Amino acid sequence: MIFITAKFRVKPEHADRWPEITRAFTEATRGEAGCLWFDWSRSVEDPTEYVLVEAFRDGEAGAAHVGSAHFKAAQQELPPHLVETPRVINTTLDQDDWSQLGEMAVPEGS
């Protein structure tokens, strides 16, 4: 799978509305056949920073995402709400879902 994490620094006046601003893009991406997940989180330390964690089945699915009409629309619609260009980590992993964090294992029956 292709695993991507990106940090978006949103202008303060748009920070509370970011989930609404990105809703169409998020929903369309989640609807893609090759999208495994596409989840936003807000920093607890910086209310203007959002982190996007996304994964796609493979390179073909990632290319389809970047070539989609909703991605092209987001390229035009989202940057005016941002302080800076988002930072990203993009890697390919030989798995198709989250692994368990064994160091924090929850005993069965808890």
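Mentor: Ala105 counts as exposed because its relative accessibility is 58%; exposed means over 50% relative accessible area, buried under 20%, and partly exposed in between, with a 1.4 Å probe and protein chains only. Ala105 belongs to the segment after strand 4. Helices and strands here are DSSP runs numbered from the N terminus, a helix being H or I with at least four residues and a strand E with at least two.

Some notes on the source come next. The model is predicted, so local features need pLDDT of at least 70 and side-chain atom pairs count only at pLDDT 80 or more, while totals for chains, interfaces and linings use all residues. Residues are numbered from 1 along each chain as its sequence is written, and side-chain values use heavy atoms, with hydrogens and water left out.

A pair of aromatic rings is described by the distance of the centres and the angle of the planes. Rings of Phe, Tyr and Trp (its six-membered ring) pair if their centres lie within 6.5 Å; planes under 30 degrees apart count as stacked, over 60 as edge-to-face and the rest as tilted. This rule gives ten aromatic pairs. One of them joins Phe3 and Trp98 edge-to-face, with 5.9 Å centre to centre and 90° between the planes. Phe3 sits in strand 1 and Trp98 in the segment after strand 4 (87–92 being the strand), so the pair links distant parts of the chain, 95 residues apart.

Trp18 and Tyr50 are both buried. Ring pairs also tie Phe8, Trp18, Phe25, Phe38, Trp40, Tyr50 and Phe71 into a cluster.

A nonpolar core is a set of buried Ala, Val, Leu, Ile, Met, Phe, Trp, Tyr and Cys residues joined through side-chain atoms within 4.5 Å. The largest nonpolar core has 20 residues, and those touching the most other members are Phe8, Val10, Trp18, Phe25, Phe38, Trp40 and Leu78. At least two core residues come from each of strand 1 (2–9), helix 2 (18–21), strand 2 (35–42), strand 3 (49–56) and helix 5 (69–77). With four residues, strand 1 contributes the most. A second, separate core has six residues, among them Trp37, Val51, Val53 and Ala55.

Leaving out residues up to four places away in sequence, Trp18 touches Phe8, Val10, Trp40, Tyr50, Leu78, His81 and Leu82. Val10 lies in the loop between strand 1 and helix 1 (12–15), and counts as buried because its relative accessibility is 0%. Beyond its neighbours within four places, Val10 is in contact with Ala15, Trp18, Thr48, Tyr50, His81, Leu82 and Val83.

Glu49 counts as buried because its relative accessibility is 11%. Its contacts, again excluding residues up to four places away, are Lys7, Phe8, Arg9, Ser41, Arg42, Ser43 and Arg87.

As for the whole, the protein has five helices and four strands, in the order β-α-α-α-β-β-α-α-β along the sequence. The C-alpha trace spans about 45 × 35 × 20 Å along its principal axes. Of its 110 residues, 36% are buried. Among contacts with a separation of 6 or more, 72% are between residues 24 or more positions apart.

Definitions and conventions
Contact means heavy atoms within 4.5 Å.
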